[in-house]
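Thanks for coming, everyone. Let me put the structure on the screen, and then we'll walk through it.

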Amino acid sequence: MPEASQLNERPGQQPDHQPRHSAMTIAAEPKAQDAIGFNTLLKKEVMRFWSVLGQTVTAPVITALLYLLVFAQAMSGRAPIYEGVSYTQFLIPGLVMMTVIQNAFANTSSSLTQSKIMGNLVFLLMAPLGPLEWFGAYVIAALIRALLVAVVMLVVTIPFVHLPLQAPLVLATMFVLSAGSLAVLGLIAGIVASKFDHLAAFTNFFITPLSFLSGVFYSVHALPPLWFKASHLNPFFYMIDGFRYGFFGKADVPVWQSLTWSAAFFVIVSTVCLWMLFTGYKLRR
Amino acid sequence: MFYPMNHALPPITDKIPSAGTGGISGSAAAETPAIQIAGLRKRYGAVQALNGIDFSIRRGEFFGLLGPNGAGKSTLINIIAGLIRSDAGAISVLGHDTVSDWRRARRCLGIVPQELVFDPFFKVVDMLRIQAGYYGAGREVWPWIDEMLERLDLADKRKVSTRALSGGMKRRVLIAQALVHKPPVVILDEPTAGVDVELRRTLWSFMRDLHAKGTTVVLTTHYLEEAQEMCERIAIVDKGQVKIIATTEQLLARNPYRFLKLRLTDNAPLPESLRALVTSEKAGVIELKLELEKQPIASVFAALRAAGVGIDDVHTREPDLEDIFVELTARAPGVLHA
């Protein structure tokens, strides 16, 4: 094979291939470009769920409100679970957190899986965006959707049910840790899933059962001993219990336990997810 | 593109600016290849998709990458793009290693993927602005986006959802997406597969303009006449290896034959001395394959004259890229990609 440099050029054409334009240097602030890339991915992820707000916000809020209506009505005669806290009051934070959990997971997992299946993930894979930008943009977009869902639910219910706010900092921390963890879990599911069936299995056999069995509708103290112990192995239980503490200053377990378990869960899933993103697991062959 | 974000872009009618040299300057920058590939290997199970690829593409070149299906072209492009990881070897784009300096390397590249992919959530113009943002470009490229929409006949589709576009329109959007950050190196992976004549003309006119302004263009295609028409240099890849890399003229000159088509008066039989040269005979037209050096056309005419055979029509055909392709890969592209 002849050396490329030994070959002649096409007659009548430019004799060499030196650039015919003045060389420019890459922008002096590559960090600024990285920031624009990150902001764009975040904006795109927000635009994605915003463009189908009926599915991504309205529908889950209506479902949660129906739960509230049915359970509050059916359990209205029951004794208060905590002193001074009615069943309906008790129910609302749990339902809000359950909806937050499910929507944070759905946002990242469906976006990534859809992009993989549609093939448009190549636009992101070919772009100069790093694993941390992917992680941050997807998780923050999911947090925004989760916050929107939570705020709408609270705004709709507050005129009918008084909710105190005993520990707002705990409330905010539990929200971020819980929604963040499920957003990251959604990213992991999206990376692993190669078809929607995989995602549905993850949702139906993991997310939904764990969120329903996490003390949304009851106090774990009302459970038989085995289920009481089992509940303490469910990370979603701590998310809901800690979130509820933020409203009432009371919960099934000490709040530090909820904060610690939720933080630990967030760190574990984030570590797994970042490993996947850095190694290109199931993303780059 | 890679302008400082507080800078306005130069006028879009100017030469397409380079993404820069990333610290390489002066004559060193000028000598830096657009793409340098060294010792590239990739295996999928028992299949050795790439088996030691080494070549470079010069800056400002219009380069063709040809080969039959399964030759390794797409694997090579996907490794350049960062979609696939190689088992061995290295690639740099304008001097930036695609692994250790991947951000700069990717900023220098615009790739039109082979598959017709799109994001159904967005309108055409939003998709292009998002794509620009991924590369660190903001509002300053919006005029360039508008220009591309015009050039690619997408202006009336700017507010249309990408999912509502026809296949040809989606292909145009893909081309615009690849160019939105004004990359100095553009790779087109079979951009005209299954598209109509109008889009081909639009695309090639656009790419010629970009190339004239300094953009390096790498093209893979099964339409060999396109490669022959557009490319200055061509690499033919087969079974994971580069079979040859040469200028288009050099490739065409490799074939020492010429084809001569004859229609003989009253469909007279060809003299026996010429029968060995026949490659085809259809509807009264006989095609002879002549060695350029040893068998001048005049010798054929002399033989016919000696046999008393008259000629009604005569036509010569020089070997084209397809003849070379078949010679080097021993496979006809039209058959292989069917």
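How many helices and how many strands does chain A have? Ten helices and zero strands. Helices here are DSSP runs of H or I with at least four residues, strands are runs of E with at least two, and both are numbered from the N terminus. Read from the N terminus, chain A goes α-α-α-α-α-α-α-α-α-α.

A word on the source. This is a predicted model, where local features need pLDDT of at least 70, side-chain atom pairs count only at pLDDT 80 or more, and totals for chains, interfaces and linings use all residues. Residues are numbered from 1 along each chain as its sequence is written, while chains are lettered from A and ligands numbered from 1 in the order in which they are written.

Back to chain A. It has 285 residues, and 44% of them are buried. Buried means 20 or more other C-beta atoms within 10 Å of the residue's own; exposed means 12 or fewer; partly exposed is in between; the C-beta atoms are placed from the backbone. Now contacts: two residues are in contact if their C-beta atoms, placed from the backbone, lie within 7 Å. Take the chain A contacts between residues at least 6 apart in sequence: 81% of them join residues at least 24 apart.

Now chain B. Chain B has twelve helices and 14 strands. Of its 338 residues, 47% count as buried. For contacts between residues at least 6 apart in sequence, 71% in chain B link residues at least 24 apart. Chain B is split into domain 1, 26–252, and domain 2, 256–318. Those bounds come from an automatic or database domain assignment. The C-alpha centres of the two domains of chain B lie 44 Å apart.

Next, helix packing in chain A. Two packed helices are described by the angle between their axes and the distance between the axes. Axes are lines fitted to C-alpha atoms, for helices over the stretch in contact, and angles run from 0 to 180 degrees between N-to-C directions.

First pair: H3(A), residues 87–118, and H6(A), residues 168–192. Their axes are 7 Å apart, at an angle of about 30°. That makes H3(A) roughly parallel to H6(A). The cut-offs: under 35 degrees is roughly parallel, over 145 roughly antiparallel, 65 to 115 roughly perpendicular, and the rest oblique. H3(A) passes H6(A) in a right-handed crossing. Right-handed means the near helix is turned clockwise from the far one by less than a right angle; anticlockwise is left-handed. On the H3(A) side, the contact residues include Met97(A), Ile101(A) and Leu112(A); on the H6(A) side, they include Phe175(A), Leu182(A) and Ile191(A). By class, this contact has 15 nonpolar, seven polar and no charged residues. Nonpolar is Ala, Val, Leu, Ile, Met, Phe, Trp, Tyr, Cys and Pro; charged is Asp, Glu, Lys and Arg; the others, Gly among them, are polar.

H5(A) brings Pro131(A), Trp134(A) and Phe135(A); H10(A) brings Cys273(A), Leu274(A), Leu277(A) and Phe278(A). The tally is seven nonpolar, no polar and no charged.

Now to a helix in chain B. Why is H4(B), residues 124–134, described as largely enclosed by the rest of the structure? Because ten of its eleven residues are buried. Among them are Met127(B), Arg129(B) and Tyr134(B). What do they pack against? H1 (30–50) and H4 (121–125) of chain A, plus H5 (142–151) and H6 (167–179) of chain B. After H4(B) comes Gly136(B), with a positive phi near 85°.

Which residues of chain B does Met126(A) contact? Setting aside neighbours within four places in sequence, Met126(A) touches Ala81(B), Gly82(B), Leu83(B), Arg106(B) and Ile111(B). Met126(A) sits in the loop between H4 and H5 of chain A. Met126(A) counts as buried, because it has 23 C-beta neighbours inside 10 Å.

Lys182(B) is not a glycine, yet its phi is positive, near 50°. Asn267(B), also not a glycine, has a positive phi of about 50°. Buried or exposed? Lys182(B) is buried, with 25 other C-beta atoms within 10 Å. Asn267(B) counts as exposed, with 9 C-beta neighbours inside 10 Å. Lys182(B) is in the loop between H6 and S7 (185–189) of chain B; Asn267(B) is in the loop between S11 (257–264) and S12 (278–282) of chain B.
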